[in-house]
Amino acid sequence: MEMSEIIRQHRLALELSQEELGKKLNPPVNKAAVQKWEKGTVENIKRTHIEQMAKLFGITPCQLLSFEPLNPDPTKEKICDLINKCYGKEAYAVVKMYLDMNENGRKLAFDLITNLHSNPQNTVPDKKKEKAV
């Protein structure tokens with residue numbers, strides 16, 4: 001798969017417009033630049049942009065540049081797609097960040113979420129409890 005296709009595919013998976021992707025980069029780029037990348041008409045993308053997009057997409061820079069195969073796990077891809085469809089791009093982004101963490105980071109993230117979840121102000125009320133009252 002060409003780099004242009006990888007950029008487009010991952011941008012769409014994150015439900016980002018070309019303009020939104022450009023704004024997430026530092027320094028930001030305009031929609032026209034992202035359009036050219038996705039058409040394959042520009043080959044001199046800044047190294048910093050390649051690194052930032054790879055991190056955002058959850059792949060390595062070498063995978064983004066098509067030097068290494070993506071080798072997606074079909075089960076993980078289906079799960080991530082379902083999370084995106086059911087819960088939106090923020091939940092999808094949280095899962096991708098979690099998967100990028102090492103064991104220590106995952107434990108800390110789990111502990112933080114457990115702590116947030118234990119506070120009733122941070123959770124959705126249980127419908128069964130509401131009906132019983």
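**A network of salt bridges**

R8, R11 and E38 are joined in a network of salt bridges, a salt bridge being a side-chain nitrogen of Lys or Arg within 4 Å of a carboxyl oxygen of Asp or Glu. The model is predicted: local features need pLDDT of at least 70, side-chain atom pairs count only at pLDDT 80 or more, and totals for chains, interfaces and linings use all residues. Residues are numbered from 1 along each chain as its sequence is written, and side-chain values use heavy atoms, with hydrogens and water left out.

**Confidence**

- The protein chain has a mean pLDDT of 87, and 92% of its residues reach 70 or more; pLDDT is the predictor's confidence in each residue, from 0 to 100.
- Helices (H or I, at least four residues) and strands (E, at least two) are DSSP runs, numbered from the N terminus.

**Salt bridges**

- The whole structure contains 4 salt bridges.
- In the pair R8 and E38, the closest N and O atoms are 3.9 Å apart. This pair links distant parts of the chain, since R8 lies in helix α1 (residues 3-13) and E38 in helix α3 (residues 31-39), 30 residues apart.
- E38 also bridges to R11, with the closest N and O atoms 2.4 Å apart. R11 belongs to helix α1 and E38 to helix α3, so this pair ties together parts that are 27 residues apart in sequence.
- E38 is buried at 11% relative accessibility, and R11 is buried at 5%, whereas R8 is partly exposed at 41%. Buried means under 20% relative accessible area, exposed over 50%, and partly exposed in between (1.4 Å probe, protein chains only).
- K107 and D111 form a salt bridge at 2.9 Å, N to O. Both residues lie in helix α8 (residues 103-117), 4 residues apart, about one turn of the helix.
- K107 is exposed, with a relative accessible area of 51%, while D111 is partly exposed at 37%.

- The largest nonpolar core has 20 residues, of which I7, L21, W37, I45, M53, F57 and L64 touch the most other members. Such a core is a set of buried Ala, Val, Leu, Ile, Met, Phe, Trp, Tyr and Cys residues joined through side-chain atoms within 4.5 Å.
- Helices α1, α3 and α4 (47-57) each supply at least two residues of this core, and α4 gives the most, with 4 residues.
- Not counting residues up to four places away in sequence, I45 touches M3, I7, W37, I50 and M53. Contact means heavy atoms within 4.5 Å.
- In α1, the buried residues are M3, S4, I6, I7, H10 and R11. Seen down the axis of α1, these residues fall within an arc of 165°, so they line one face of the helix; the arc is that of the directions from the helix axis to the C-beta atoms.
- The buried residues of α1 pack against α2, α3, α4 and α5 (61-64).

**E15 and N84**

- Just after α1, E15 takes a positive phi of about 55°.
- N84 is located in helix α6 (residues 74-87) and counts as buried, at 8% relative accessibility.
- Leaving aside neighbours within four places in sequence, N84 is in contact with A13, E15, K89 and Y92.
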